[in-house]
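Keep the structure open as you read.

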Amino acid sequence: MSSPNGIDPSVPPSGTGCAECDAAGGWWFHLRRCAQCGHIGCCDDSLGKHATSHTRATGHPVIRSFEPGETWFYNYETSEMYASGPHLAPPESHPADQPTPGPAGRVPKDWADRLG
């Protein structure tokens, strides 16, 4: 995958967790990174679905997994998945010691039931 519109490899991630979930004291299942502005949001399997909400609000079309060991990208405009793409500014994932779901201490014991 080349660097199409929607990807800025120089922008670092906004943090180590979902920006909206962190602000509200919530939790997430998996994390996604906006490839254009670095916003970290939670995946569509999370309660907040903040990565998709960010894309809809900003028009930034491309996300990358923010999970350790995952390098895939997804383009919301074209519904295309890419196994890899350009290297983005570090870090490339949340800290390896941050659990999934996360973050530690905020995930309810019945988290799987809540995700349905």
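Strand β4 (residues 73-75) runs antiparallel to β3, and the two are paired over three bridges; strands count as paired here if DSSP finds at least two bridges between them. Within this pairing, Val62 sits opposite Asn75 of β4. Before going further, a word on the source: this is a predicted model, in which local features need pLDDT of at least 70 and side-chain atom pairs count only at pLDDT 80 or more, while totals for chains, interfaces and linings use all residues. Residues are numbered from 1 along each chain as its sequence is written, and side-chain values use heavy atoms, with hydrogens and water left out.

Now look at what else β3 pairs with. Strand β1 (residues 31-34) also pairs with β3, again in the antiparallel sense and over three bridges. Here Arg32 has Ser65 of β3 as its bridge partner.

So which way do the side chains of β3 point? In a regular strand, side chains alternate between the two faces of the sheet. In β3 (residues 62-65), Val62 and Arg64 point one way, Ile63 and Ser65 the other, and all are buried. Buried means under 20% relative accessible area, exposed means over 50%, and partly exposed is in between (1.4 Å probe, protein chains only).

Step back to the whole chain and you'll count three helices and five strands, in the order α-β-β-α-β-β-β-α along the sequence. These are DSSP runs numbered from the N terminus: helices are H or I with at least four residues, strands E with at least two. The radius of gyration is 13 Å, close to the 13 Å that the globule rule gives for 116 residues, so the chain is as compact as a globular protein of that length. That radius is taken over C-alpha atoms, and the rule is 2.2 Å times the number of residues to the power 0.38. Of the 116 residues, 41% count as buried. As for contacts (heavy atoms within 4.5 Å), among those between residues at least 6 apart in sequence, 58% join residues at least 24 apart.

Last stop: helix α3 (residues 111-115), where you'll find Arg114. Arg114 is partly exposed, at a relative accessible area of 45%. Leaving aside residues up to four places away in sequence, Arg114 touches Trp27, Leu47 and Pro108. Its C-alpha atom is 17 Å from that of Ala24, a residue 90 places away along the chain.
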